[in-house]
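Please open the structure in a viewer and keep the selection tool at hand.

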Amino acid sequence: MTRRPYIVGNWKMHGTRAMLSEARAIDRAAQRHMKVEVAIAPPYTLIHPIHREAEQIAVGAQDCHHEDGGAHTGDISAAMVADAGASFVILGHSERRTGHGESDALVRAKAGAAFAAGLKVILCCGESAATRESGKAVAFVKKQLKASLPEAAQLPAELAERLTVAYEPLWAIGTGTPATTDDIAEMHSVIRALLIELLGEEQGPDVRILYGGSVKPDNAAAIFAVPDVGGALVGGASLTADSFMGIALAASEPFEN
Ligand code: PEP
């Protein structure tokens, strides 16, 4: 099945209500690019205001807690972000794994909670520069992804609709230098094979795999031409409608992934 390219903006810890005009501009532009699925994950505080006004784009969260509620000061559950208007959540981002010590087991528990709350999940994986230099990138990413995915019993039936994987090598995030198309091709084909092994021939081929790490309007087309790249997870370049929609425009050319 050929699915629409999926372009997701991760605003990280950027954005006050002053950014609502940028979200509106992204939403308006997305209405002119219906061949592309456009989404943004703003800080928690902007999920509801953006969701309330959005006509085309999906709104998501950048994380959620693995429990439904309780004495967890400062945390927010999957059901809470869904209640605010999020339809998806990014989990296992490297800034959560390194900055907050999130283990694969915790990411797996969060994904289970997110699916149970009816959210779609974008599950991130990716190796550090040291791991790549040691020649162990493929083995690392396979192990990380396998350990971060919930067990089959916790996965929803319509999995290809609900699960997206994002390959984000840490050394490419925020550096201005994306991975080479050869590196992306190699890792995406490894991830595709793993998804088929874990999820079966029915679902594995249809789960979208996004690339993330310094995607910009001027390098997006080359990245989208790589087999098994189903779109992009975009940090810095998602903060303005101009650059983010430049990437969506590159994705609106037909590409068979
Ligand atoms: C990210 O952090 O998910 C990301 C891809 O960031 P950037 O596009 O800024 O490299």
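How do the residues of the shell around the ligand divide into nonpolar, polar and charged? The shell consists of 4 nonpolar, 8 polar and 3 charged residues. Please bear in mind throughout that this is a predicted model.

**First stop: the ligand**

Select the ligand together with its surroundings. It is surrounded by 15 residues, and the closest of these are K12, E168, G174, S214 and G235.

Next, display E168 with its side chain. An N or O atom in that side chain is 2.8 Å from an oxygen atom of the ligand. Move on to S214, where a polar backbone atom is 2.8 Å from an oxygen atom of the ligand. Then select G236: one of its backbone N or O atoms lies 2.9 Å from a ligand oxygen atom. Taken alone, the ligand exposes 290 Å², and the protein buries 97% of that area.

**Second stop: the pocket that holds the ligand**

Which pocket corresponds to the space taken by the ligand? That space is the second largest pocket. The second largest pocket contains about 170 Å³ of space.

To view its lining, begin with I173, G174, S214, G235 and G236, which lie nearest the centre of the second largest pocket among its 18 lining residues. Colouring that lining by class gives 5 nonpolar, 10 polar and 3 charged residues.

Now turn to the largest pocket, whose volume is about 450 Å³. Select Y44, Q62, D63, R96 and H100, the closest to its centre of the 22 residues that line it. Two elements, α4 (94–99) and α5 (104–116), each give two or more residues to this lining. Which of the elements provides the largest share of the lining of the largest pocket? The answer is α4, with 3 residues. By class, the lining of the largest pocket comprises 8 nonpolar, 8 polar and 6 charged residues.

How many cavities of 30 Å³ or more does the structure hold? There are 2.

The largest cavity has about 40 Å³ of space. To outline it, select R3, Y6, E37, K120, V121, E161, R162, L163, T164 and R208. Two or more residues of this lining come from each of β5 (120–125), α8 (159–162) and β6 (163–167). The lining of the largest cavity has 3 nonpolar, 1 polar and 6 charged residues.

For the second largest cavity, the space is also about 40 Å³. Select G92, H93, S94, R97, C124, C125, G126, Q144, E168 and L170, which line it. The elements giving two or more residues to that lining are α4 and β5. By class, the lining of the second largest cavity has 3 nonpolar, 5 polar and 2 charged residues.

**Last stop: residues and elements met again**

Return to E168, which lines the second largest cavity and whose side chain has an N or O atom 2.8 Å from a ligand oxygen atom. Finally, highlight α4, which contributes to the lining of the largest pocket and to that of the second largest cavity.

Notes:
Residues are numbered from 1 along each chain as its sequence is written. This is a predicted model: local features need pLDDT of at least 70, side-chain atom pairs count only at pLDDT 80 or more; totals for chains, interfaces and linings use all residues. Side-chain values use heavy atoms; hydrogens and water are left out. A residue is near a molecule or strand if one of its heavy atoms lies within 4 Å of it. A polar contact is a pair of N or O atoms within 3.5 Å; within protein, one must be able to donate a hydrogen and the other to accept it, and residues adjacent in sequence count only if both atoms are side-chain atoms. Accessible areas come from the Shrake-Rupley method with a 1.4 Å probe; for residues, only the protein chains shown count as cover. On a 1 Å grid over the protein atoms alone, a cavity is a set of points where a 1.4 Å probe fits but cannot get out, and a pocket is an open set with protein on both sides within 12 Å along at least five of seven lines; lining residues have an atom within 4 Å of a point. A molecule sits in a cavity or pocket if more than half of its atoms lie within 2 Å of its grid points. Ala, Val, Leu, Ile, Met, Phe, Trp, Tyr, Cys and Pro count as nonpolar, Asp, Glu, Lys and Arg as charged, and the others, Gly among them, as polar. Grid points are joined across faces, edges and corners, and a volume is the space filled by probe spheres set on the points. Helices (H or I, at least four residues) and strands (E, at least two) are DSSP runs, numbered from the N terminus.
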